Amino acid sequence: MFLPATFEAAPTAEERLSTTKQSGAPAGEMGNAIVGFLGSIPLFAQIAPTEAMDVLRLLRKVHLFDGEVLFRHGDAPGGMWILGEGCEVTVELANPAGKGVRVATLHGGQTVGEMALVDDSPRSATAIAVRGGLAYQIDSGDFQVMRERFHPAAFKMLRWLATDGARRLRLLSSRIAPSAGQDLVATAGDLFSDGAKIAPEDFKALPHFEGMPATVLLALSQKFREKSFPAGTVLFRQGERGDGIYLLVEGSLELDRGGQVIAKLGAGSLLGLVSSVDGGPRSADGVAKTPVRLWRLDRDGFEWLFNAGNRFAYRIVDTVAQQMVSRLRQLNAVLLMQCSDLPFDSEPEGAAASAAGALAQAESDVELDVALDEAFSF
């Protein structure tokens, strides 16, 4: 998985942060090795050849030593590591008694500490190199510069992190509430088949779109559609494939899971974010409790905007990534409160329910106005 010996990652911060311009695809045999190296790491799987050099400028080659502590629970976020061949790192959580509980063992080609790229929260675990070796490190501050410049590679990495976090929550969730309808086509696509177009200026009145350039709003107006529905309309069902992102412009609706109301949403709420980003099934039913007016961005439209570098699509990915990291941190805390010792490859009773609630909350609303005790009720 390592680059040829003739390649050295840029040693200075100035060179690592040279991302204001696309550098073009690396050429020749060395270029093929660089692209192949990045493609072998899941976090970089969607990076285009033209973005490869900008990503490599973030990497610093380091040597991990046996027994080295990469970070401890509560430390300030400092970055992430890509483990080289032969490396082995254990990840431990601290239970209420202060005992370290191993929850993962990571090997060559895997990443550790990547949540630090998403948010600015203290470390939620401790990582120790059981077996050392060469690795690559990305500083979270360097990544933030790329993120602030809306570099496509930064948001492709964030999307992978968001998708992986959702996968982990869905895996736990499915153990208590398997969704038999996962392969169904979402009914909302038919409901919006005759939706009306939205003018670019209509976006300016809504807080989610404040400050966006006119070109961004013009692109959004070509992809969003508007429609009104009477009270009682089922907009989508749990287990259906996510068909898009919804903005509730007027009225109120509820998200129901297994007969339990997990969220009540009012005007201004965005929902359906997670399934649009990761392509997974809906985690709850969406039911109009009053007459509602909705704007919808279907999933094909979202993909088009994301691939075109639209800043709204990037904001959605960024938001979902932060939600997933937040939910995983909260879930870790819930799990450790439930048990004195966490089995290495299993979850204690109640973990799946906690994950289900966490995922459903993350689906619900950019504003995160659903209380955490509702999200984790089981």
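The structure is a predicted model, in which local features need pLDDT of at least 70 and side-chain atom pairs count only at pLDDT 80 or more, whereas totals for chains, interfaces and linings use all residues. Residues are numbered from 1 along each chain as its sequence is written, and side-chain values use heavy atoms, with hydrogens and water left out.

The secondary structure of the protein comes to twelve helices and 16 strands, where helices (H or I, at least four residues) and strands (E, at least two) are DSSP runs numbered from the N terminus. Of the 378 residues of the protein, 51% count as buried; here buried means under 20% relative accessible area, exposed means over 50%, and partly exposed lies in between, with a 1.4 Å probe and protein chains only. Among contacts (heavy atoms within 4.5 Å) between residues at least 6 apart in sequence, 78% join residues at least 24 apart.

Side chains of opposite charge can pair when their charged atoms come close. The structure holds 13 salt bridges, each defined as a side-chain nitrogen of Lys or Arg within 4 Å of a carboxyl oxygen of Asp or Glu. One of them joins the side chains of Asp-139 and Arg-60, with an N to O distance of 3.7 Å. This pair links distant parts of the chain, since Asp-139 belongs to strand β8 (residues 133-139) and Arg-60 to strand β1 (residues 59-64), 79 residues apart. Asp-139 counts as partly exposed because its relative accessibility is 23%, and Arg-60 is likewise partly exposed, with a relative accessible area of 27%.

A salt bridge is also formed by Arg-159 and Glu-303, whose closest N and O atoms are 2.5 Å apart. Here, too, distant parts of the chain are linked, with Arg-159 in helix α5 (residues 152-174) and Glu-303 in helix α9 (residues 299-307), 144 residues apart. Arg-159 counts as buried because its relative accessibility is 12%, whereas Glu-303, at 21%, counts as partly exposed. In the salt bridge between Arg-296 and Asp-243, the closest N and O atoms are 2.3 Å apart. Arg-296 lies in strand β16 (residues 292-298) and Asp-243 in the loop between β10 (234-236) and β11 (244-250), so the pair ties together parts that are 53 residues apart in sequence. Both Arg-296 and Asp-243 are buried. Salt bridges that share partners, moreover, join Arg-159, Arg-299 and Glu-303 into one network.

Gly-301, Phe-302, Leu-305 and Phe-306 of α9 are buried, and they lie on the same side of the helix because they cover an arc of only 135 degrees around its axis, the arc being that of the directions from the helix axis to the C-beta atoms. On the other side of α9, Asp-300 and Asn-307 are exposed. At the start of the helix, a side-chain oxygen of Asp-298 reaches to within 3.3 Å of the backbone nitrogen of Asp-300. After α9 comes Gly-309, whose phi is positive, near 80 degrees.

Asn-310 is found in the loop between α9 and α10 (311-338), and this residue counts as buried because its relative accessible area is 7%. A polar atom of the Asn-310 side chain lies 2.9 Å from the backbone nitrogen of Phe-312. When residues up to four places away in sequence are not counted, Asn-310 touches Val-216, Ala-219, Leu-220 and Leu-305.

Strands of a sheet pair through backbone hydrogen bonds, either parallel or antiparallel. In this model, four strands form an open sheet in the order β10-β15-β12-β13, and the pairing is antiparallel; two strands pair if DSSP finds at least two bridges between them. The edge strands are β10 and β13 (260-265), each of which pairs on one side only. Neighbouring strands of the sheet are turned by 30 degrees against each other on average, direction ignored, where axes are lines fitted to C-alpha atoms, for helices over the stretch in contact, and angles run from 0 to 180 degrees between N-to-C directions. Two bridges join β10 to strand β15 (residues 285-288), and Phe-236 has Gly-286 as its bridge partner in β15. Strand β12 (residues 253-257) is joined to β15 by four bridges, and the partner of Leu-253 in β15 is Ala-288.

Methods
A polar contact is a pair of N or O atoms within 3.5 Å; within protein, one must be able to donate a hydrogen and the other to accept it, and residues adjacent in sequence count only if both atoms are side-chain atoms.
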